[in-house]
Amino acid sequence: MGILLDEQVDKKVAPKGLTSCAHCGNDCQDHNFTYQEKYFCCQGCETVYQILATNELCEFYNLDEQPGASRINARTGDYSHLDLPEIAHQILEYQDAQTARVSFHLPEMHCSSCIWLLEQLYKINPAITISQVDFGAKKITLLYKPQEVSLRQIAELLDKLGYPPDIRTEADQKDNKAASNVNRRLVMQIGITGFCFGNIMLFSFPEYLSLWDAPDESANRMFALLNILLSIPVLFFGGFDYLKAGYRAITNKQINIDVPIAIGIVALFGWSLWEIASQAGNGYLDSMAGLIFFLLIGKWFQQRTYDFLSFDRDYRSFFPLAVKRKTEAGEETVPIEQVRPGDVLLIRNNDLIPADSLLLLGNATIDYSFVTGEAMPVRANIGDLLYAGGKQTGSEITVQVQKEVSNSHLTSLWNRDIFRKKDEERFSALIDRISRNFTLVVLSIATASLIGWWITVDFHQAVYVFATILIVACPCALALTAPFTYGNSLRLFAKAGLYLKNGTVIEKMASVDSLVLDKTGTLTVNDESEISYNGLQLTELDKLVVGGVARNSSHPLSRGVSQQLSKDGKVQVDEFKEYAGEGIRGVVDDQEILLGSRSFLHRFEVTVLNPLADGLTKTYLAINGQYCGVFLFGNRYRAGIECTLKNLSGHYQLTLLSGDSDAEANTLKPFLGAASTMLFNQSPADKMANLASLQQQGHQVLMLGDGLNDAGALKQSEVGLAVADNVNQFFPASDGMLHAQHINKLPGFLRFSKDNITIIKACLVISLMYNVVGISIAVAGLLTPLIAAILMPLSSISVVLAVTLATNIMARKRGLILKP
């Protein structure tokens, strides 16, 4: 199924005034075209229709009324510069021989039909494999086959469909971000509207003071006409955004907050013109100008408030990711925000590549499933470019950073659909429905009041009441409650050491009734454990080689062995593979090193002699197929974990799933409580099966484990939290990362998540009460449009400030914030 772009079709002029464009809905006047007995106003609209019809995508026109209404008719974009490798490299987020990934900002995206069409691009061009739309950001992310379609051709396709991409390089994006801090247009709207509003009030003073009882009415007429002239820029410049949004919503058969505001503004202006023209009065132009002026002031103040309380989080708010950076003095661990182009980093097995980098040393086998969704690892050679978001799946490699760490790239990857769990955003969906229905109710009440006041009093007062009701009602307060509650809470969680993926995780945490815990690395501290070795004596070379292989793993037991044997020693590992929940295998100068469980060594036909049956955690060692001995780890539990578990056992069902033996059962039982369940010798598959069993019983499960061995269980659970001692890894299967030193705050985290739901419900009730009281006063005719215009933005701002204050107070109460 190909793309039809240049097919020649019969073109003829349509009868003037008798038809409209089949694509955008505009009137067909001059130079009209026809295709399949449908008329089009321009070549651009005809071309788009040809593409959709050829690829059987005309369902696009059934999703919204005039879905192509906002398109730019003439498409003359030149995208030839995208063929230049140096330009494409700055725009592409990932590329190899089979797959490339790119994101475009599409300013023309405006309705549900846009989303539907853009997500069907694979039907228009099969070389586009995945198309994901972020409607809020007006952004599309595409995966495509670069050997079949070029970046330039994709941009041209989007342009021809009516969505010309706004393409910026990294430098352009930085300049745009700096410029966006000041909204010059909004400031101009406020300035011009304020000027006109002040002068309209000045010219209306004689009326306010009842000075027009004098016989000279010529001045009155002159001032009224001046008010009309001053109100025109107020209406068409100051109020343009409200009128445009309201018109677009109505033409697309959608109802939002802009509809009643637009109707109220037009009603005041229209009625004022009629009164002045018929000499029945001077109308409400002062009220209309004041309404728009205070709406713009409220919009500016809202934006300033939102910027001050900005919850648009970057990667630092999601997880405490750090990397190993090489320096002249050796190695140092640094947060990724301190990584700069030119830095040399050490990337171990399962470590995330934080920024686009060149491979300097080592055997790179990169898992790009986090970026592309493809599970097949990609091998890279020295000098190859490794893309941000890839994960090394082998021995340690050395890379040199080429680009700065993106503030949004890693977080957008974590929130991709492939990592999304079912039944998310239940509360948010409820609020969205309330907001939509609320606007319909307000329109109904306003219309009924208009009719009632017209019949019982007069049309003059009826219009006044009608406009006031439309303006004072504010579903914005309802819509802002959940985003700002979750937004501030995510920031507070992060400050306390828990880094969550998004706000819906808080919602799901509040519904949890069962906790599943891992033991090793979660309840225990392995880096500080006493480690002993029992077996054949190891030479210094053996210690260096075994420690070097163990260094490539991030498992707490491997880290312990590496620290014990060769804290500062380094070897070049030729082959390396980690088997989740079992062990590791590495090859150094033709020496095969096996380190893991007894069953893991048995897999490689190595027999463990005299296996120990004591309660210590252990890992067995074999070199070149010969069993050498066992490393024993003293179980040292985290400080305060006993009190934490006892606290949790009184409110949740606790289950321990451990890969170790049951020798610690008697120690752990008092911690977990008599009603808890403890299962030992559990493989990763066993843990997932046990979680599924709990879920089938109706439980909402939170899984707490290490991100490596428990990745499957973390994804299986309603909420999966990866506990991290060191911060060099990131686990996309998890919903959050809990810094190990803050694990004792878990009861407070769970209570605070419940507090979030209570705060949202309380604010919803307050918002509804405000609207009920405000609308009731407006219906009674006791409120003016001017006062309503002041109250509406204040209600939204008050909700934002209230939820921010409430979440801060509750976070301090739950021990997440230290009291001053």
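**Close-up 1. A salt-bridge network links Asp83, Arg152 and Glu156.** A salt bridge here is a side-chain nitrogen of Lys or Arg within 4 Å of a carboxyl oxygen of Asp or Glu. The structure holds 16 salt bridges. This is a predicted model, in which local features need pLDDT of at least 70 and side-chain atom pairs count only at pLDDT 80 or more, while totals for chains, interfaces and linings use all residues. Residues are numbered from 1 along each chain as its sequence is written, and side-chain values use heavy atoms, with hydrogens and water left out.

**Close-up 2. Strand S15 (residues 397-401) pairs with strands S9 and S10.** Strands are DSSP runs of E of at least two residues, helices are runs of H or I of at least four, and both are numbered from the N terminus; two strands pair if DSSP finds at least two bridges between them. S9 (residues 344-347) is antiparallel to S15, with four bridges, and Leu345 has Val399 as its bridge partner. S10 (residues 357-361) also runs antiparallel to S15 over four bridges, with Leu361 opposite Thr398. Four of the five residues of S15 are buried (under 20% relative accessible area; exposed is over 50%, partly exposed in between; 1.4 Å probe, protein chains only).

**Close-up 3. Glu582 and Arg603 form a salt bridge (2.9 Å, N to O).** Glu582 lies in the loop between strands S19 (575-579) and S20 (583-588) and Arg603 in helix H22 (residues 598-603), so the contact ties together parts 21 residues apart in sequence.

**Close-up 4. Asp755 and Arg814 form a salt bridge (2.8 Å, N to O).** Asp755 belongs to helix H27 (residues 746-779) and Arg814 to the segment after helix H28 (785-813), 59 residues apart. Asp755 is buried at 9% relative accessible area, whereas Arg814 is partly exposed at 26%.
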